[in-house]
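Open the model in your viewer and keep the sequence at hand. The stops below say what to select and what is there.

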Amino acid sequence: MPKLIDAHRLIGPVPFDDLPEDPRPEMDRLGVERAYVTHTLSLYSDAHAGNQALFALDDPRLVPVPVVVPEAFAPIPSWQVAMVRLCPERHRFDLTGPVALRWLAATDAVVAVDLEETSPAQLLALTTRLPELRVLLLNPGYRRLRAIAELMSEAPNIWLEIGTVNTQRAVEWLAERFGARRLVWGTGAPVLDDCGPRFLLDHLELPEKDVELIATGGDLL
């Protein structure tokens with residue numbers, strides 16, 4: 001298997017645990033070549049301060065994923081990034097409101113959003129309004145697979161991060177329906193465990209080429 005790409009990793013302090021400051025030793029241990037990282041300050045405190053700390057990392061292995069908080073009278077950021085993250089529930093904005101739609105229509109980046117921050121209905125409305133937008137759905141879990149599959153059937157511009165899809169043959173079930181190209185490996189580490197997603201990846205009952213595709217970002221990254 002090639003070196004892995006972790007599409008969902010965090011860096012920085014959290015208010016509820018003592019976590020390692022540097023993710024790279026754990027990435028080395030698990031064979032992760034590159035990780036798309038969001039700073040925890042952006043999630044739990046101040047998006048602007050967290051994004052500044054993120055851009056200061058300056059390490060090609062840690063790909064910055066800044067948090068976007070759409071504001072009616074603020075300029076749209078001109079970041080040259082591959083992915084941005086949205087937290088509409090935590091940061092109290094409407095994912096399908098006019099301000100968010102205007103901001104998202106202006107970006108070429110992949111948009112990552114946690115399922116707990118939104119709903120399948122909102123995501124369907126968003127991707128219908130902006131069919132060119134590429135959305136990576138984070139932390140879907142396994143209890144809402146039917147709703148997720150229904151969403152992916154209707155919205156071809158949604159990809160799924162599989163780190164929490166940890167029930168028997170669920171990833172295989174998704175791959176059979178939507179293809180491995182729409183499945184992306186991520187961990188949510190270090191807030192979530194990264195050994196579990198690595199174990200899941202190593203034991204998928206899929207052709208080797210499909211596992212490698214998932215492990216390196218599908219056709220999204």
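Select helix H5 (residues 120-129) and helix H6 (residues 145-154) in this predicted model. How do H5 and H6 lie relative to each other, roughly parallel or roughly perpendicular? Their axes cross at roughly 10 degrees, and angles under 35 degrees count as roughly parallel, so H5 and H6 are roughly parallel to each other. The two axes come within 10 Å. Two packed helices are described by the angle between their axes and the distance between the axes.

Now show the side chains where the helices touch. On H5, select Pro-120, Leu-123 and Leu-124.

S1 and S2 pair in the parallel sense over 6 bridges. To find one spot in the sheet, select Leu-10, which stands opposite Thr-38 in S2.

Stay with strand S1 and select Arg-9, which lies in it. Is Arg-9 buried or exposed? Its relative accessibility is 2%, and buried means under 20%, so Arg-9 counts as buried. The side chain of Arg-9 makes a polar contact with the side chain of Asp-6, at 3.2 Å. Then show what surrounds Arg-9, leaving aside its neighbours within four places in sequence. The residues in contact with Arg-9 include Ala-35, Tyr-36, Val-37 and Thr-38. Also among them are Pro-23, Glu-26 and Met-27, as well as Thr-187, Ala-189 and Asp-194.

For the last stop, select helix H3 (residues 47-55) and, within it, Asn-51. Which residues is Asn-51 in contact with, leaving aside its neighbours within four places in sequence? They are Ser-42, Pro-66, Val-67 and Trp-79. The relative accessible area of Asn-51 is 7%; the cut-off for buried is under 20%, so Asn-51 is buried.

Note on methods. Residues numbered from 1 in each chain as written. Predicted model: local features only at pLDDT ≥ 70, side-chain atom pairs only at ≥ 80, totals over all residues. Heavy atoms only, no water. Helix = DSSP H or I, 4+ residues; strand = E, 2+ residues; numbered from the N terminus. Buried < 20%, exposed > 50% of the residue type's maximum accessible area, 1.4 Å probe, protein only. Contact = heavy atoms within 4.5 Å. Pairing = 2+ DSSP bridges. Axes fitted to C-alpha atoms, helices over the stretch in contact; angles between N-to-C directions. Parallel < 35°, antiparallel > 145°, perpendicular 65-115°, else oblique. Polar contact = N/O pair within 3.5 Å; in protein donor to acceptor, adjacent residues only side chain to side chain.
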